[in-house]
2 protein chains.
Amino acid sequence: MTLRQLSARARVSLGYISEIERGHKEASSELLASLCSALDLPLSRLLGEVTDSVAAHERRTAQVASLPAVPARTGEPVPSAA
Amino acid sequence: MTLRQLSARARVSLGYISEIERGHKEASSELLASLCSALDLPLSRLLGEVTDSVAAHERRTAQVASLPAVPARTGEPVPSAA
């Protein structure tokens, strides 16, 4: 399916889909449902993938937060590439 | 935690939380993250519950759609309660 076909099937303008793709606009729940329906994708599957992705991000963030603090070394020159 | 405390911790007005609760406003992802953080609730857990709830709704809708059509009986009086 082309973006143009998706736009027509979901009744969402090409410009708006593009804004959502680039993270400039947030899709409302109605819009998500409409795009999922046009893509024959159950909304629960999209939400499940978002849930997994957010959970993975939370695990990474928790790991970083639990790392021991490394004392900053000051006064040493940054090695040059030369 | 009271609603007032949640409002202060999440920096979301009481009125806005109330609008979201009643389904009059949709919470943006930033707002959801802020409310979850104030509630010490991982965003992934909230999303997981929404995913389960949407999946259950999809299953119910699919069951209704697959029910055999019952031919309407016409011309018969509706039994009265008397």
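**Exercise 1. In this predicted model, work out why α1(B) and α2(B) are described as roughly perpendicular to each other, and find the residues that join them.**

*Step 1.* Start with the axes: those of α1(B), residues 3-10, and α2(B) come within 9 Å and cross at roughly 110°.

*Step 2.* Angles of 65 to 115 degrees count as roughly perpendicular, and α1(B) and α2(B) are therefore given that description.

*Step 3.* Now look at the side of α1(B), where B:Leu3, B:Arg4, B:Leu6 and B:Ser7 make the contact. Their partners in α2(B) are B:Leu14, B:Ile17 and B:Glu21.

*Step 4.* Sorted by class, the residues of this contact are four nonpolar, one polar and two charged.

**Exercise 2. Turn to chain A and describe how α1(A) sits against α2(A).**

*Step 1.* Helix α2(A) covers residues 14-21, and its axis comes within 9 Å of that of α1(A), with a crossing of roughly 110°.

*Step 2.* That angle makes α1(A) roughly perpendicular to α2(A).

*Step 3.* On the α1(A) side you will find A:Leu3, A:Arg4, A:Leu6 and A:Ser7, while α2(A) supplies A:Leu14, A:Ile17 and A:Glu21.

*Step 4.* The class tally for this contact is four nonpolar, one polar and two charged.

**Exercise 3. Stay with α1(A) and characterise its crossing with α3(A).**

*Step 1.* Take α1(A), residues 3-10, and α3(A), residues 29-38: their axes come within 9 Å and cross at roughly 120°.

*Step 2.* That makes α1(A) oblique to α3(A), since the roughly perpendicular range runs from 65 to 115 degrees.

*Step 3.* For the handedness, α1(A) passes α3(A) in a right-handed crossing.

*Step 4.* A:Leu6, A:Arg9 and A:Ala10 of α1(A) meet A:Ser34, A:Leu35 and A:Ala38 of α3(A). Four of these residues are nonpolar, one is polar and one is charged.

**Exercise 4. Explore the largest pocket: what is its volume, and which elements line it?**

*Step 1.* The volume of the largest pocket is about 1,200 Å³.

*Step 2.* Its lining has 32 residues, and the closest to the centre are B:Glu26, B:Ala27, B:Ser28, B:Leu32 and B:Leu47.

*Step 3.* Next, list the elements that each give two or more residues to the lining: α3 and α4 (43-66) from chain A, with α2 (14-21), α3 (29-38) and α4 (43-65) from chain B.

*Step 4.* Finish with the classes: 22 of the lining residues are nonpolar, five are polar and five are charged.

Technical notes
Residues numbered from 1 in each chain as written. Chains lettered and ligands numbered in written order. Predicted model: local features only at pLDDT ≥ 70, side-chain atom pairs only at ≥ 80, totals over all residues. Heavy atoms only, no water. Axes fitted to C-alpha atoms, helices over the stretch in contact; angles between N-to-C directions. Helix = DSSP H or I, 4+ residues; strand = E, 2+ residues; numbered from the N terminus. Parallel < 35°, antiparallel > 145°, perpendicular 65-115°, else oblique. Left-handed = near helix turned anticlockwise from the far one by under 90°. Contact = heavy atoms within 4.5 Å. Nonpolar A, V, L, I, M, F, W, Y, C, P; charged D, E, K, R; others polar. 1 Å grid on protein atoms, 1.4 Å probe; cavity = no way out; pocket = protein on both sides within 12 Å on 5 of 7 lines; lining within 4 Å. Points joined across faces, edges and corners; volume = space filled by probe spheres on them.
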